[in-house]
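Keep the viewer open and click along as you read.

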Amino acid sequence: MTALLETKGLTIRFGGLTAVDDFNFVITPGELCGLIGPNGAGKTTVFNMLTGVYLPTAGTVHFDGARINGKSPAQVAALGVSRTFQNIRLFDELSVLENAMTGAHRHAKINLFDSLLRTPRHYREEQRQRDKAYRLLEFMGLEDRAGLTARQLPYGHRRKLEIARALATEPKLICLDEPAAGMNTLEKGELSILIRRIRDELGVTVLLIEHDMKLVMGICERIQVLDYGKTIAMGTPREIQNNPKVIEAYLGGE
Amino acid sequence: MLRTGAVLVAGIIGAVVLNAVLAEFIDDYVVRVINLCGVAIVLAVSLNVINGLCGQFSLGHAGFMAIGAYVCSLFTTTQRYYDAASAQYVSEPSLAARMAEMFGADLAAAGSEQLQSIAAWGFLPGLIAGGVVSALAGLVVGIPALRLRGDYLAIATLGFGEIVRVVITNIPQIGGATGLPGLPPLANTSWIFAVCVVCIVFSVNLQRSTFGRALIAIRENELAAEIMGVRIARMKVMAFIYGAFFAGVAGGLLAHLLQTISPATFNFMKSIEVVVMLVLGGLGSLTGAVVGAIVLTVLPEALRDVEREVNLPGIRMVVYALVLILLMIFRPQGIFGQRELSLKLLRRVIPGGRK
């Protein structure tokens with residue numbers, strides 16, 4: 001199977017600090033992979049390099065055969081990479097439905113005059129976006145909240161809405177940055193089922209950053225562990241759980 | 001499309017009827033204030049797209065107005081100026097007059113009434129040309145907007161407005177610092193409110209479309225918008241072009257309402273005035289922009305009477321400033337916040353109404 005996303009020697013330095021050092025990673029279509037590590041290990045920095053937010057100091061990122069390091073976030077999005085944010089970044093003044101519709105904006109094939117003059121093309125586009133957004137809200141279990149503004153949503157639902165919005169861009173790969181943070185046990189259980197359904201039913205490859213070990217170990221097929229910007233382990237959940245280096249990174253050594 | 005078309009046609013007919021009614025029953029001074037309100041509404045609603053929806057703080061609206069005003073005047077007004085090289089006064093006929101000449105009109109023999117009707121034919125093309133040239137300027141200003149944020153953008157756009165003003169001051173052919181007198185009084189209530197209707201209808205349509213949502217997304221969280229595939233550069237420039245177009249048209253209207261324009265008409269206080277209208281009404285709310293424009297146009301005029309009563313000349317501007325300060329203390333989000341006037345809001349506000 002050829003790789004969907006492949007990074008080689010990915011490195012980024014901020015001044016004297018090497019936040020991520022020689023990060024090599026492969027994910028094939030249809031996989032559900034986890035990226036874990038203690039706080040400050042550089043996981044979110046990896047996501048930022050994958051999605052064009054940060055420019056890597058060295059190394060390459062290939063997605064679907066094309067080199068994407070150096071491309072802007074919007075260009076990366078256009079190729080089919082989407083993500084959520086650790087610190088939630090919703091459009092607070094827009095409604096829940098409109099937030100999800102914004103994800104579908106990039107596929108709009110109408111111009112400004114269609115909307116100003118309300119041509120039939122405009123109405124078709126609105127309908128397409130609304131249907132798409134509503135389907136995904138249903139998928140995430142948010143359809144009852146479609147009319148609220150995003151600001152009014154409780155925390156767990158905000159995280160889910162971010163996922164719905166990212167899915168509306170019709171990505172091939174979705175990068176979830178701590179989707180379970182702040183959720184209770186019940187919500188976490190629901191979420192792990194949802195994440196698996198994203199891969200199984202929507203056919204989207206999933207890369208997951210998460211601190212909740214039960215969730216990560218329960219759904220990821222392959223895990224890579226970062227500590228101080230370096231990969232210290234990779235393998236199946238069982239292998240990771242028994243890896244002495246991982247245990248040391250999390251619990252501290254002698 | 002049918003609905004938008006119907007609303008536009010109805011609105012324009014309404015403007016013509018309003019014009020006839022006002023001219024018949026209302027005194028000229030009040031009509032003039034109403035007309036100024038109309039121009040202010042176009043200005044505030046168009047700036048709302050840049051400042052309110054897209055969140056790009058622009059102080060360049062006076063610059064766009066000036067461009068629109070001067071371009072429009074070229075179409076309708078004979079430009080007279082002192083030519084230093086030949087040491088004599090030169091008179092350049094308006095573009096409308098030149099067109100008429102090309103079609104065989106004899107300007108030298110034409111009476112003043114005929115000249116006026118020729119000028120009137122130049123008004124609509126002038127307004128459109130003013131809007132288009134101003135929109136091009138919007139394109140030029142929109143590009144630095146991609147690199148600047150917040151205060152820095154405000155200063156850059158302020159600089160743009162000042163550049164326009166200084167450039168006009170130094171072109172003697174369009175009146176230089178003394179300005180351009182003798183513009184024909186073409187901007188009546190019909191014209192102003194017809195433009196008003198077009199501007200409001202288009203802005204509502206813009207706001208409630210995928211483009212409007214993309215603009216708001218940029219305002220709310222630029223990084224998230226970009227990750228969702230919103231083309232930030234294109235959308236920001238589009239907002240500037242849209243806003244500049246209507247500011248240009250409004251400039252053309254104002255010029256033919258005041259009948260005299262000079263660079264001082266379009267100084268940076270004019271830009272500030274429009275921003276204050278937006279902030280007062282509620283930044284990001286189209287309804288707020290309309291209300292803010294009306295309040296800030298009517299208030300200083302209404303206070304004239306108060307000034308006469310208490311016999312304290314100048315107190316008017318003190319009260320005006322006080323009203324603004326009090327509003328900012330007690331309702332910093334503006335009268336409407338980011339809400340729009342809609343049936344839903346009315347039902348909530350009116351006691352006993354359906355929820």
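For the complex as a whole, the predictor reports an ipTM of 0.92 and a pTM of 0.91. Chain A comes out with a mean pLDDT of 92, and 99% of its residues reach 70 or more. Chain B has a mean pLDDT of 89, with 96% of its residues at 70 or more.

Within chain A, the element with the lowest mean pLDDT is helix α10 (residues 244-251), at 85, while strand β7 (residues 173-177) has the highest, at 96. Where pLDDT is low, the predicted coordinates should not be read in detail.

**Where the chains meet**

How many residues of chain B are in contact with chain A? There are 26 of them, and they meet 33 residues of chain A. On the chain B side, the elements giving two or more residues are α1 (2-25), α8 (189-207), α9, α10 (222-227) and α11 (232-258). Helix α9(B) gives the most, with 7 residues. Sorted by class, this side of chain B has 14 nonpolar, 7 polar and 5 charged residues.

**A helix pair in chain B**

Two packed helices are described by the angle between their axes and the distance between the axes. For helix α3 (residues 61-76) and helix α12 (residues 268-281) of chain B, the angle is about 115° and the axes are 7 Å apart. The crossing of α3(B) with α12(B) is right-handed. On the α3(B) side, the contact uses H61(B), A62(B) and M65(B), and α12(B) brings F268(B), K270(B), S271(B) and V274(B). By class, that makes 4 nonpolar, 2 polar and 1 charged residues in the contact.

**Chain A in two domains**

Contact between the two involves 5 residues of domain 1 and 7 residues of domain 2 of chain A. On the domain 1 side, these are 4 nonpolar, no polar and 1 charged.

Start with A3(A), in the segment before β1 (5-14) of chain A. Is A3(A) buried, exposed or partly exposed? It has 16 C-beta neighbours inside 10 Å, so A3(A) counts as partly exposed. Beyond residues up to four places away in sequence, A3(A) touches V26(A), I27(A) and T28(A).

Next is Q224(A), which belongs to strand β9 (residues 222-227) of chain A. Q224(A) is buried because 24 other C-beta atoms lie within 10 Å. Leaving aside neighbours within four places in sequence, its contacts are F25(A), L35(A), T231(A) and M234(A).

R145(A) sits in the loop between α5 (120-139) and α6 (155-167) of chain A. Although it is in a loop, R145(A) is buried, with 20 other C-beta atoms within 10 Å; the cut-off for buried is 20 or more. Outside four places in sequence, R145(A) is in contact with V96(A), L153(A) and H157(A).

Here are C-alpha separations for pairs that include these residues.

| Pair | Apart in sequence | C-alpha to C-alpha |
|---|---|---|
| A3(A) and Y123(A) | 120 residues | 39 Å |
| Q224(A) and R89(A) | 135 residues | 26 Å |
| R145(A) and L94(A) | 51 residues | 12 Å |

**Two positive phi angles**

D22(A) isn't a glycine, yet its phi is positive, at about 50°. The residue lies in strand β2 (residues 17-27) of chain A. With 15 C-beta neighbours inside 10 Å, D22(A) counts as partly exposed.

Over in chain B, A87(B) is also a residue other than glycine with a positive phi, near 55°. A87(B) is found in the loop between β1 (79-83) and β2 (88-92) of chain B. Its 7 C-beta neighbours inside 10 Å are why A87(B) counts as exposed.

Definitions and conventions: Residues numbered from 1 in each chain as written. Chains lettered and ligands numbered in written order. Predicted model: local features only at pLDDT ≥ 70, side-chain atom pairs only at ≥ 80, totals over all residues. Helix = DSSP H or I, 4+ residues; strand = E, 2+ residues; numbered from the N terminus. Buried ≥ 20, exposed ≤ 12 C-beta atoms within 10 Å, placed from the backbone. pLDDT = per-residue confidence, 0-100. Nonpolar A, V, L, I, M, F, W, Y, C, P; charged D, E, K, R; others polar. Axes fitted to C-alpha atoms, helices over the stretch in contact; angles between N-to-C directions. Left-handed = near helix turned anticlockwise from the far one by under 90°.
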